[in-house]
Amino acid sequence: MMKIKDFLFSLRGKAILVATFFIVIFMAITGYVILSREKALYLKDRENQARVLVEAAGINFTNTLLYQEVGLIEETGVIDLYILDLLNKEKSILTVIIFDNDGKVIAHCHLVEHGKFYENAEEIITHQATLVREVNDKNRGPFLEAITPLIVGTKRIATLRIEFSLKDFYVKLADLGKWIFSLTILAISGSIFFVVLGINAMTRPIRRLSKAMDTIDYGRFDTLSERPRRDEIGHLQMSFTDMVRRLRDADLQWENTFNSITDLIIICGRDFRVVKANKALAQGLNTTTDRLKGKMCWEVFHSEIALKPALNGPCPDCPHVVTLKTGNPSAMEIEYSSLGGTFQVTTYPIWNEKGVVAGTIHVAKDITEQKRLQEKLIQSEKVAAMGQMVSGIAHEINNPLNSILGYATYLLETVDDGSPLKDELDRIARAASRCKETVKRFLNFSRETPTRMEPIDIHEVVGEALAMCYPTISAQGIKVMKEIGADLWINADKGQIEEVFINIILNACDATSRGGELFIIAHRDGSMSTVQNRSWIKVKITDTGCGILQENLKRIFDPFFTTKEPGKGTGLGLAVSHTIVKNHGGAIDVESTVGKGTTFTITLPEILSPYRGEVWERD
Amino acid sequence: MSGFLKTHLLRIFLSVLIVFLISGSVPLSAKDPPEKPTVYFGLIPLFTPQLMYERFQPLMDYLSATTPYRFKMRLAKDYIDIITLLEDGSVNIAFLGGVSYEVAKSRVDLIPLLKPLNPQGKPSYRSVIITREDKKINSLSDLKGRSFAFASRWSTSGSVVPLYYLYKQGVGLQGLSNYFHLRYHDSVAREVLKGSYDAGAVIESIAYFYKDKGLKFIFVSEPIPELVIVVRKSASSKEFGEFGEFIEAVKRALIDLDPHIPSDRDLMKGWGDEIGYGFTEARDSDYDGIRKMIKYLRQKGVYLTDDEN
């Protein structure tokens with residue numbers, strides 16, 4: 001139905017309808033005119049025939065009547081036979097009658113009519129010349145009546161009247177009518193066919209152009225595939241081509257601009273579907289702009305939604321929602337899981353012609369690095385302040401501690417071996433020593449501690465660290481397995497390196513549940529020697545603890561980062577360890593699997609054993 | 001000379017030229033095949049000449065085609081004329097009615113050759129007394145005081161037979177108001193239709209031909225012996241070659257015709273009713289019945305010829 005309506009309102013449909021209408025009207029009129037003309041000609045022809053026949057027969061009848069009158073013809077049969085002959089030869093003759101001057105029938109093709117008087121005879125016998133006329137009798141239908149007076153000189157002897165049938169004439173006329181009708185229908189059909197062909201041919205370029213316009217793709221568009229024409233449609237093609245080129249240029253310009261922006265931009269509809277995304281976003285997500293088109297915005301930015309279908313839907317306070325609601329630009333800092341970073345997101349409203357917000361332009365600026373630097377700055381400032389504070393406290397504590405340790409040592413030396421004071425004094429001295437070490441650690445963290453480098457045996461330093469940790473290890477019931485190669489020497493501050501091991505071992509103990517295991521393996525790492533032109537010692541401390549979450553792994557060396565309960569850890573241990581190892585030209589790495597355990601690898605440059613009298617160090 | 005006269009003379013000249021050319025060229029181009037001997041076939045004037053030609057010319061054409069002779073129709077003016085023609089030898093073969101055969105035989109030596117068959121295959125036909133539908137005449141006795149049209153005086157079915165029955169019925173010529181012998185059977189039918197006579201007597205074929213035009217039959221006779229084809233006995237073999245061969249040729253050509261055979265039926269389609277259903281051999285004795293009727297009428301004072309009076 002819709003198709004018919006479309007067709008009727010199309011240029012082609014209208015042209016075909018109008019042409020068809022006029023063809024039908026024209027053909028109908030032509031057919032009617034031809035038929036009328038043919039009818040008139042036929043009738044005229046029949047009338048002429050009748051006139052000739054009646055006049056020719058009249059001559060014969062006149063003579064016969066005259067001969068009969070003078071007695072040259074004995075019997076009357078001649079006229080009757082002649083009439084019968086006429087009827088036999090000319091099938092269209094219906095009746096032949098001869099009236100005498102009184103209107104009496106003196107000869108009739110129906111012999112029984114002989115001698116009768118007809119009502120209309122009076123009118124017939126008064127005609128002075130031949131008369132041919134069409135008579136439409138109610139009962140007999142139309143016929144042609146030809147009347148001619150039979151005259152000799154100035155004497156009228158009788159009147160001849162012949163009726164001619166018009167039946168075959170009307171049959172012929174009907175046949176002609178049918179023929180003309182068929183021909184008209186044929187002509188109409190033919191004309192319509194050619195008109196349709198013609199109009200189709202004329203409108204085809206328009207339809208093609210319109211189709212080409214419909215399917216135009218700016219991206220691929222160059223020119224219309226149509227061959228250029230010389231007519232008006234050619235002009236239209238050119239104008240359209242030109243227009244499309246300008247549109248494409250504008251489009252390209254816009255597209256280039258859109259894609260040149262490094263901020264991540266999408267144009268998002270009211271339905272939260274991505275209408276368009278720029279290249280920067282597509283690259284960030286390792287996809288193409290086309291693939292992003294039509295996706296829901298939260299599918300694009302929040303990959304975790306794929307894992308948790310319950311979250312499927314717009315974020316309630318997302319700037320897009322706010323802008324849709326308020327019609328004002330909206331900004332917010334959002335962490336996008338899909339992109340793995342923090343973004344400053346601003347949405348701008350897109351108004352449609354009805355004054356309704358049709359969507360938003362959603363611009364996300366990556367501020368992850370900026371944020372990180374900011375945090376780092378804050379952290380370092382915090383650390384610096386802390387360092388200063390710690391350094392101050394350490395200085396303040398250091399002097400009284402020195403006095404305590406000095407006096408305790410002095411007293412220990414002065415008391416006898418058997419004195420009951422000796423134990424107490426020894427405890428005081430050891431406690432003071434430990435305090436001094438802690439102070440030293442603080443000072444070390446704030447780089448206030450002077451580093452004292454000396455050749456150290458890894459075996460010895462690990463052993464001392466384990467001894468220091470022993471109370472914890474034993475309390476936890478942790479099984480320690482040690483595998484330390486012989487003659488592994490490093491040049492280091494013994495106290496600092498010992499502190500590194502203690503920190504790591506204590507952390508391992510904290511992470512490991514009762515009855516866990518701790519492996520300490522130290523060996524020379526040959527693989528690195530060729531690269532660095534130096535021999536390295538690797539100390540691996542592996543526990544069977546709970547492991548560290550992936551997101552915490554990269555932060556565990558940050559100062560004051562701790563996962564322990566408040567008051568239980570300073571968050572300084574690993575940060576200090578990291579600083580110490582780094583200060584010793586080494587590196588500290590961590591690998592961890594949640595639920596399985598953690599391995600810390602401390603890599604330090606090796607030196608030759610001091611007991612060989614030479615240091616294996618080229619630099 | 002005026003322009004009109006010039007044109008007129010030119011026309012005359014051209015016409016003469018064309019006529020000359022045509023008349024000159026026709027005999028040259030249409031050369032007749034070797035001439036067959038011509039035989040004139042005499043016919044009693046049953047009908048008006050036109051009708052005679054229409055009904056009997058096909059028989060002439062047929063005989064000319066199937067025998068070594070060329071047959072030409074010789075129409076007689078009246079019944080006397082045909083007998084005269086036979087007498088003087090102008091015709092050697094003729095088609096006669098029973099009465100005319102009887103009359104002719106008294107003057108010329110004739111051999112009855114063949115007689116035609118009617119649609120029922122019998123060698124007989126009937127005479128019909130007709131009147132117009134609107135006339136209150138329904139039997140022969142109603143004819144008393146009416147006018148009557150007979151065919152020719154020597155016509156069997158148009159005169160002798162009806163007279164015989166009129167006398168038998170007790171009407172006779174005297175009982176009629178007036179009567180007239182018309183020349184042809186079809187003239188009788190037409191004049192009755194026109195009302196010139198109250199009734200008339202005609203041969204069966206004409207009665208049926210005009211019946212639907214407004215006639216009614218008031219009397220149909222008993223079967224009358226058919227018309228007869230006769231040959232003049234004294235015809236010389238100079239004219240026919242062997243006379244016997246001529247008779248045989250005619251007999252063979254006509255007796256073989258059988259309307260039951262489709263090809264023959266088609267052949268005889270346009271022939272008159274009198275001859276269109278085949279032929280059979282005729283004998284003189286076939287016409288004894290006619291002779292009796294003539295005798296009867298003679299007794300009633302009706303004579304065929306004025307000599308008899």
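The model is a predicted one, and every value below was computed from it. Between chain A and chain B about 1,200 Å² is buried, and a single salt bridge is counted between these two chains. Within the structure as a whole, the search returns 2 cavities of 30 Å³ or more and 35 salt bridges over all chains.

**Interface of chains A and B**

- Of the roughly 1,200 Å² that the two chains bury between them, 51% lies on carbon and sulfur atoms.
- The 1 salt bridge counted between the chains joins B:K194 to A:D80, with 2.6 Å between the closest N and O atoms.

**Largest cavity**

- The largest cavity holds about 90 Å³ of space, and its lining includes A:C297, A:W298, A:F301 and A:H302, together with A:P314, A:C315, A:C318, A:I334, A:Y336 and A:H362.
- Two elements of chain A, α9 (297-301) and β8 (330-336), each supply at least two residues of this lining, and α9(A) gives the most, with 3 residues.
- By class, 8 residues of the lining of the largest cavity are nonpolar and 2 are polar, while none is charged.

**Second largest cavity**

- The second largest cavity, with a volume of about 30 Å³, is lined by residues of chain B, among them B:I44, B:L46, B:Y79, B:W154, B:H185 and B:L227.
- Also in the lining of the second largest cavity are B:G97, B:Y125, B:S155, B:T156 and B:S157.
- This lining divides into 6 nonpolar and 5 polar residues, with no charged residue.

**A salt bridge within chain A**

- Side chains of opposite charge can pair when their charged atoms come close.
- A:K89 and A:D85 form a salt bridge through their side chains, at an N to O distance of 3.5 Å.
- Both A:K89 and A:D85 belong to helix α3 (residues 77-89) of chain A, where they are 4 residues apart, or about one turn of the helix.

Methods:
Residues are numbered from 1 along each chain as its sequence is written. Chains are lettered from A and ligands numbered from 1 in the order in which they are written. This is a predicted model: local features need pLDDT of at least 70, side-chain atom pairs count only at pLDDT 80 or more; totals for chains, interfaces and linings use all residues. Side-chain values use heavy atoms; hydrogens and water are left out. Buried area is the accessible area (1.4 Å probe) that two parts lose on being put together, summed over both. A salt bridge is a side-chain nitrogen of Lys or Arg within 4 Å of a carboxyl oxygen of Asp or Glu. On a 1 Å grid over the protein atoms alone, a cavity is a set of points where a 1.4 Å probe fits but cannot get out, and a pocket is an open set with protein on both sides within 12 Å along at least five of seven lines; lining residues have an atom within 4 Å of a point. Grid points are joined across faces, edges and corners, and a volume is the space filled by probe spheres set on the points. Ala, Val, Leu, Ile, Met, Phe, Trp, Tyr, Cys and Pro count as nonpolar, Asp, Glu, Lys and Arg as charged, and the others, Gly among them, as polar.
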